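Subject: Structure for you to look at

Hi,

Here is the structure I promised. Please open it next to this email, and then read my notes below.

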Amino acid sequence: MAKLPGRKRGRALSRLAVAAVAAALVGTSASAAVADAPVPAPVKNAEIGAVAQAPKTGAAARAKARVGAQADAPIFGLRGIERSSGFLYEYPPNGTGGLGERMFVTADWDLLKAAAPVDNNADGAADGSWAWDYAGNLYFNSATEDRVVGGGWNIYNKVLSPGNLGGGGAYDILARDNSGVLWLYLGYDNGKVDPRVKIGAGWGGYTQIAGTGDLTGDGKADIVARDGSGVLWLYKGTGNYKAPFAPRVKIGAGWNEYNMLVATGDVDIDGRADLIARGNDGKLWLYRGTGNASAPFAPRKQLGFGYNIYSWMF
């Protein structure tokens, strides 16, 4: 079995180095695996994989996953950064409603604070990514662009890119500052962003915010947010960048049993955006999207267990 690359000693956190790490995300959903990526070593003290599924990984599964992919329900796959190593792994949909075996992508992802794939050409597959490092720099990478967008992003404690929120032609960025104000940055397919627009205050009360694609069946990107009491709320997208969300709608209580909510678009390949939740016990659950704003998720289905080995997932 090939060995994973060792940890780099005395790494310098430079913009060039982090940009190169972030660039590794682009195209991982367009091929079976990184060309020379070794087989990941067995995970110790954890069992990770699909539950009662026959994993379908590689080019065949990815090709199947993209058949009929819709712009409002992209298929990004689940990615996780392993705590012990900083390695980035990806789990593609297996074509039967679950996740396939994990694939090693690249090392040194502990240099990054957050990341989000984008589907700017609306073909259902990732064609670029935003990434943020611990120094507060924002990066954009695609097949044609590789840029440092700007610095100063450490004023935000939450950043995500749920889709095209402003009616333009590319994925936008939501950012929450330390005072609880949420801001929108209109994004472009070349990695540029417009000056931020204030959405509103009071968002500091949410412990989780997630979304990738359309949850309500109207073709507009939506998000969900969990408050401190464990209630999950739906914010329906409007397509208007000055007021991108309709008033919130309660989905349900009891969501504090999860320590992470992750939106990767369409997991079960049915054309609807879904939601993934990681339990405090490390179990992974899929909430299939229904396309119904009044009840956006079907009853949960377990995807696997042992996922607490990841410091963050996206």
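What share of the contacts in the protein with a separation of 6 or more comes from residues 24 or more positions apart? The figure is 50%. Please keep in mind that this is a predicted model.

**Overall make-up**

The protein has 314 residues, and 53% of them count as buried. It contains two helices and 20 strands.

**The largest pocket**

Start here. The largest pocket holds about 680 Å³ of space. Its lining is made of 37 residues. Closest to the centre are Ala 114, Lys 158, Val 159, Trp 312 and Met 313.

Which strands supply at least two residues each to this lining? They are E4 (112-118), E5 (128-133), E8 (156-163), E12 (206-210), E16 (258-262) and E20 (310-313). E8 gives the most, with six residues.

**The cavities**

Rolling a probe the size of a water molecule over the atoms shows where empty space is left. In this structure there are two cavities of 30 Å³ or more. The second largest cavity has a volume of about 40 Å³.

You can find that second largest cavity from its lining residues. They are Phe 76, Gly 77, Leu 78, Pro 93, Leu 99, Thr 264, Asp 266, Val 267 and Ile 276. Six of the lining residues are nonpolar, two are polar and one is charged.

**A four-stranded sheet**

Next, look at the open sheet. Four strands form it, in the order E16-E17-E18-E19, with antiparallel pairing. E16 and E19 (301-304) are the edge strands, and each pairs on one side only. From one strand to the next, the twist averages 30 degrees.

Strands of a sheet pair through backbone hydrogen bonds, either parallel or antiparallel. Here is the sheet, pair by pair:

- E16 and E17: four bridges, antiparallel. Val 262 has Ile 276 in E17 as its bridge partner.
- E17 (275-279) and E18: four bridges, antiparallel. Ala 277 stands opposite Trp 285 in E18.
- E18 (284-287) and E19: three bridges, antiparallel. Leu 286 has Lys 301 in E19 as its bridge partner, and Trp 285 stands opposite Gln 302 in E19.

Trp 285 stands opposite Ala 277 and opposite Gln 302.

Leu 284 and Leu 286 point one way from E18. Trp 285 and Tyr 287 point the other way. All of these residues are buried.

The hairpin of E17 and E18 has four residues between the strands. Within this hairpin, Gly 282 takes a positive phi near 90 degrees.

**Two backbone points to check**

Most residues other than glycine have a negative phi, and most peptide bonds are trans. Two residues deserve a look on this score.

Asp 108 has a positive phi, near 70 degrees. Where does Asp 108 lie? Asp 108 is in the loop between E3 (103-106) and E4. Its relative accessible area is 6%, so Asp 108 is buried.

Ala 122 also has a positive phi, near 60 degrees. Ala 122 is found in the loop between E4 and E5. Is Ala 122 buried or partly exposed? Ala 122 is partly exposed, because its relative accessible area is 43%.

Best wishes

Note on methods:
Residues are numbered from 1 along each chain as its sequence is written. This is a predicted model: local features need pLDDT of at least 70, side-chain atom pairs count only at pLDDT 80 or more; totals for chains, interfaces and linings use all residues. Side-chain values use heavy atoms; hydrogens and water are left out. On a 1 Å grid over the protein atoms alone, a cavity is a set of points where a 1.4 Å probe fits but cannot get out, and a pocket is an open set with protein on both sides within 12 Å along at least five of seven lines; lining residues have an atom within 4 Å of a point. Grid points are joined across faces, edges and corners, and a volume is the space filled by probe spheres set on the points. Ala, Val, Leu, Ile, Met, Phe, Trp, Tyr, Cys and Pro count as nonpolar, Asp, Glu, Lys and Arg as charged, and the others, Gly among them, as polar. Two strands pair if DSSP finds at least two bridges between them. Axes are lines fitted to C-alpha atoms, for helices over the stretch in contact, and angles run from 0 to 180 degrees between N-to-C directions. Buried means under 20% relative accessible area, exposed over 50%, partly exposed in between (1.4 Å probe, protein chains only). Contact means heavy atoms within 4.5 Å.
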